[in-house]
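Work through the exercises below with the sequence and the structure in view. Each task is followed by a worked solution.

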Amino acid sequence: MIAKKILIAPSLLSADFSRLGEEVRAIEEAGADWAHIDVMDGVFVPNITVGPLVVRSVRAVTRLFFDVHLMIEDPVKYVDRFADAGSDLITFHMEACPSPADVIRKIKDRGKKAGVSIKPGTDVSVLEGVLGQVDLVLVMTVEPGFGGQSFMEDMLDKVKYLRPRFDGYIQVDGGINRETAPKAAAAGVDVLVAGTAVFGQEDYAKAIRELRGT
């Protein structure tokens, strides 16, 4: 497999929501590859964040690739809304639906890239049946729901398991910073989601370069 450039996807969960459009433009100018948008419903995870209207509003101010992470129950019901809002990649949780194939098919039918994610407590083997159908696998390196948690380094064992079996993008989300980013990259990760490691810094461009290792 050809090695991929490490992509940095700042998580808007850590942005200043009082000036969200400016924040999105700032990370684009700073060299971010993707914008990671966490969608939480207060049911699948114990927090509530944004919906399609917010995705649509920030879509209007940037050309960044929108990496939309659905941490919601019954995601198939919402694929159309997030596709219409301007998502480029829609990732859903294996734990959130009885038929992952139906969600993947719906995402693909809308012409979007499809991703699947698993929580820390979920065995990586549950992904075996969908690896040939998706563009990205997101391995959560914290419990989903809130930003600012500590990186679970043992989750990189899942990445190492997936890397020889999956030619698409492998992404990690949670606790990524200057110390943990190189460990994730060495394990075979392609896309690093970073919240406070970007939005919590004075110089976004410098923070992104440091995470990328350049």
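**Exercise 1.** Find which residues L12 touches, leaving out those up to four places away in sequence.

Solution. Contact means heavy atoms within 4.5 Å. With that cut-off, L12 touches F17, L20, V24, I27, H36, I37 and F199. The model is predicted, so local features need pLDDT of at least 70 and side-chain atom pairs count only at pLDDT 80 or more, while totals for chains, interfaces and linings use all residues. Residues are numbered from 1 along each chain as its sequence is written, and side-chain values use heavy atoms, without hydrogens and water.

**Exercise 2.** Place L12 in the chain and decide: is L12 buried or exposed?

Solution. Start with the elements: helices (H or I, at least four residues) and strands (E, at least two) are DSSP runs, numbered from the N terminus. L12 sits in the loop between β1 (7-10) and α1 (20-29). Next, take the accessibility: buried means under 20% relative accessible area, exposed over 50%, and partly exposed in between (1.4 Å probe, protein chains only). L12 has 5% relative accessibility and therefore counts as buried.

**Exercise 3.** Which residues touch the most other members of the largest nonpolar core?

Solution. A nonpolar core is a set of buried Ala, Val, Leu, Ile, Met, Phe, Trp, Tyr and Cys residues joined through side-chain atoms within 4.5 Å. The largest has 62 residues, and I27, V116, L127, V137, I176 and L192 touch the most other members. The element that gives the most to this core is α3, with 4 residues.
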